[in-house]
Amino acid sequence: MWLWLPLLIVMALWLWPRAFDRAVSGRVEGFLTASRAEVDPGDEVSLCVTLVNRSWMPIPSAEIELELPPQLSFHRDEAVRLGHMTLSVLPRRQADIAFTVYGWRRGPATPIQASVSISEGLGLMSTHVAIANRASLAVRPRATRLKHRFPLSPNGWMTRESRTLPDETALRSVRPYAYGDPVRHIHWRASARLGQLMVKEFFSTQAPDWTLVLSAQATEPYWSGALHADAFDALCEQALAIARWLARGGGRVCFATNAACGNRQRATIAWLSAEGVASLLAHAQPIATCDLDALLKGLVRSSSSPRHWIVLSPLRQSAQAARMAQFGIHVVWMSMSSSEEEDRAIAMEASNHATH
């Protein structure tokens, strides 16, 4: 009898992993979801891995490993991209595992790689489970101050709430406080009622509309090279800061870019709010879909395009932009590679256009 006992143990160890694999094969599935679609840098978001066991066999050990793209991190203050967890799942049950991650840098957070390995508990055999990625997540540009304070002061940009002022100036609404808003614009009664800082937002019938152009073109021709990700992120941050600055002044923004945004493989031209610009830039990539001069020509031909332009580009001002004045278009060109003297000259040129 005692001679058969070791043999039975060896046979059990040989049969158990195979029986486990046969019982759970095709009956365990998983998928990944995100609690939010867009986040700001530093904001937290929950990534949930759901593991469903449809078999009658318990899963003693399931090891989940998550690898994040550069846009996300497991730590708020440093880039940590690998995370893992081990758990067990009962028969005919599902387990939901939540990972807390943080927005780290601007851009679409793809791909998020999730892998699950299950074993019978003895470590003799492991089975990999495919994870369906249902998470669509992007990080908006970081909030920053304007690189250059352009002394643009179109008529009608008022900052006082008064019923005695002419009709062209009025309080439009209140909105949550944003970085850079003047303290004198805080609406204290609305802040006390809503439990968060709220600021007054003004509008004027004389406030002009603007065209804000963001270029991802780094070379001539546009398809021969891509823009560096850090340089493109800096352009996106400035574009969002300008859009919010213009929105606070009461003007509308026509946003145009030749950068690839999500599934869009062509240039994008749309009237957007400041938050709409932030949402679009969260999905933008440093790849040019068309030549910048072609985009500018299309804006010139458009009857709905405003006549005041701000162009952000990694390249210096093109000859096409220099000829815009003959069409009645005032162009402020911001090149991230330009010197401080050139930027001051651009600011002075913008001031002269605003007074005409």
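Helices and strands are taken here as DSSP runs, numbered from the N terminus. The structure described is a predicted model.

Within this model, five strands form an open sheet with mixed pairing, arranged in the order β5-β7-β3-β1-β11. The edges of the sheet are formed by β5 (72-73) and β11 (131-133), each of which pairs on one side only. One of the residues involved is Val28, whose bridge partner in β3 is Asn53.

A nonpolar patch is found on the surface, formed by Tyr177, Val183, Trp188 and Leu197. Together, these four residues present about 430 Å² of accessible area. Among them, Val183 is located in the loop that lies between β13 (169-176) and α2 (188-194). Val183 has a relative accessible area of 57%; because exposed residues are those over 50%, Val183 is classed as exposed.

Cysteine residues were also examined. A search of the whole structure returned zero disulfides. Cys254 has a relative accessibility of 4% and counts as buried. Cys290, at 18% relative accessibility, likewise counts as buried, because the cut-off for a buried residue is under 20% relative accessible area.

Technical notes: Residues numbered from 1 in each chain as written. Predicted model: local features only at pLDDT ≥ 70, side-chain atom pairs only at ≥ 80, totals over all residues. Heavy atoms only, no water. Pairing = 2+ DSSP bridges. Helix = DSSP H or I, 4+ residues; strand = E, 2+ residues; numbered from the N terminus. Patch = residues over 30% accessible without salt bridge, like charges linked within 9 Å, V, L, I, M, F, W, Y side chains within 5 Å. Areas by Shrake-Rupley, 256 points an atom, 1.4 Å probe, with all protein chains shown as cover. Salt bridge = Lys/Arg side-chain N within 4 Å of Asp/Glu carboxyl O. Buried < 20%, exposed > 50% of the residue type's maximum accessible area, 1.4 Å probe, protein only. Disulfide = S-S within 2.5 Å.
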